[in-house]
Amino acid sequence: MKKKHCFLLAILAGILHFGCSRPAEPVHLIPQPVKLEYTRGVHTLSNHIQVRFTGDEPGMQGVAEYLHGLLKSAGFKVSVESISQGTNARRGIILATDREMGRPEGYLLEITPRAIRITGGSLQGVFYGIQSLRQMLPPEIEDPAAAAGIASIDLPCLKIEDYPAFEYRGMHLDVARHFFPLDFIKKYIDLMALHKMNNFHWHLTEDQGWRIEIKKYPLLTEVGAWRSETLIGHGGRPPFEFDGEPYGGYYTQDEIREVLAYAAERFVNVIPEIEMPGHATAALAAYPQLGCTGGPYEVITRWGVFHDVFCAGNEEVFGFLEDVLTEVAELFPSPFIHIGGDECPKTRWSDCPKCQARINEEGLADEYELQSYFIRRMENFLLGLDRNIIGWDEILEGGLAPNATVMSWRGTEGGIEAAQMGQNAIMTPVSHCYFDYYQSDPETQPLAIGGYTTLEKVYSYNPVPEELSREEARHILGAQGNVWTEYMKTPSHVEYMAYPRAIALAEVVWSPVETRDYEDFLDRLRMHSRRLDAMKVNYYSGNLEEDAGGQTNNQP
Ligand code: TNX
């Protein structure tokens, strides 16, 4: 070849290498970022990637290592190095924080032909920038076996400016009606993080099982974590049919610490829920003296609301719950602890001399005020441990505890009432946020509790009720999807019910309401589903199959 041609070819190769004009696939992110602008060029990630982080930021090394882990599973060689603040690094993936940004969860992500720069309002913001980058990498990176063949990845140059609409972006999981293994809890948390969700509400105690080890009260798990059998089919009315199989399980405190460490690496706060005064039969089966009648009680084997609850007149009950909450608070760093408060029948209290004596001594009007007395006492105790309570919206009845956050589930009214009183609320109304409800024609679906909440309906949700003024609306912290598991026995069934509805909710709580566009969301979700496939998530796929009319071949 002539010298001149070689020279031209070298220039051409140079242009290609620096990617000044090569097109790359547009990105499809969920949740949709606040601002995304494509710039000229392509950034090519290939064999050796340098991750550089500002060294004097505590915790940044952990975030850099997390990114290292992601890229390593793509099969790349990665080095991680610390640089001092203010160093003008020009190549590699550069992680930094800028507290001046004023939005701790926000980030800027800039991809140029030479560098990828992620600047977060805090480490959490950097982490969310990394999640956006993760969603730009091929889905195979989620599955190390498939990722081995990736030689290089072309990313379009762009600039993203992003931050969440709401500070509370939650998913809940009931591990009491059915119990789920530790690995699945971690996967559930990782999926939350992928979609920039930040609060995992872990529903740990119920009538049908107590699932957290409490050192001071071993019978809670020796007795309370096990039921003799489980209802078959839908448990509306008798006659009931049972499977005759003992069922149970619980998490040790070490296992819980393992989950908390995993969640902390992903900036997911874990809120434990210890139910009181109702939904507590499993605890009563272990320690019958804590109920009004003294028992005997059995761990419940079917679904519903049950009459035996913690006695509100017995001091031993408060001592017991304070001990339990002390261990819980030692384990969980969460600023919030959920104390339940829902569906507490007042029948036993009406007939109980101790409860009636308490009503008299405290000058309470009725059993509703007795429930409020109960919750306020627990709130006071937890405030002493520097924690705030969250309770289901029934905690408004008989008077709201003064620092409580209300989880509005029976509708939006509870949240509206709390916000109008100047107290915080998290929206989780059955109408839009119950992922145990049918998501498509029940004829085509596995047995569920009832209801009908499609993906589109979840996507249409606006957590701020119209009734609120701007000032009151500030008390709406965000929203949460609830996954009650009466009718879900396996992790794959939980995934089938939770996904993709949880992804729609993730966009509702993160992206500005003005950017909401269901068709566009579906297009992005179709692309995104390849990542879910690589992560082996058993999401319901009926929404993604054009003209399928809700029919899908996949099942739990
Ligand atoms: C109501 S939501 C409950 C749960 C059930 C759920 C089923 C709430 C605070 N209580 O105990 O599992 O309905 O959808």
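Arg-266 lies over the face of Tyr-262, 3.6 Å from the ring centre. A charge counts as sitting over a ring if NZ of Lys or CZ of Arg is within 6 Å of the ring centre and within 35 degrees of the ring normal. The charged end of Arg-377 is likewise placed over the ring of Phe-318, at 3.9 Å from its centre.

The model is predicted: local features need pLDDT of at least 70, side-chain atom pairs count only at pLDDT 80 or more, and totals for chains, interfaces and linings use all residues. Residues are numbered from 1 along each chain as its sequence is written, and side-chain values use heavy atoms, with hydrogens and water left out.

**Aromatic pairs**

Rings of Phe, Tyr and Trp (its six-membered ring) pair if their centres lie within 6.5 Å; planes under 30 degrees apart count as stacked, over 60 as edge-to-face and the rest as tilted. By this rule there are 27 aromatic pairs. Two of them are tabulated here.

| Pair | Centre to centre | Angle between planes | Class |
|---|---|---|---|
| Tyr-66 and Phe-127 | 4.9 Å | 55° | tilted |
| Phe-127 and Phe-267 | 5.2 Å | 45° | tilted |

Tyr-66 belongs to helix α2 (residues 60-73) and Phe-127 to helix α3 (residues 123-136), so this pair ties together parts 61 residues apart in sequence. Helices (H or I, at least four residues) and strands (E, at least two) are DSSP runs, numbered from the N terminus. Phe-267 lies in the loop between α7 (253-265) and β14 (269-276), so its pair with Phe-127 in helix α3 joins parts that are 140 residues apart in sequence.

Buried means under 20% relative accessible area, exposed over 50%, and partly exposed in between (1.4 Å probe, protein chains only). Phe-127 is buried at 0% and Tyr-66 is buried at 11%, whereas Phe-267 is partly exposed at 21%.

Ring pairs also link Phe-179, Phe-180, Phe-184, Tyr-188, Phe-200, Trp-202, Tyr-251 and Phe-332 into a cluster.

**Glu-213**

Glu-213 is found in the loop between β11 (209-210) and α6 (219-222). With a relative accessible area of 19%, Glu-213 is buried. Its side chain makes a polar contact of 3.5 Å with that of Lys-215. Such a contact is a pair of N or O atoms within 3.5 Å; within protein, one must be able to donate a hydrogen and the other to accept it, and residues adjacent in sequence count only if both atoms are side-chain atoms. Leaving aside residues up to four places away in sequence, Glu-213 touches Thr-221, Tyr-250, Tyr-251, Thr-252, Gln-253 and Glu-327 (contact means heavy atoms within 4.5 Å).
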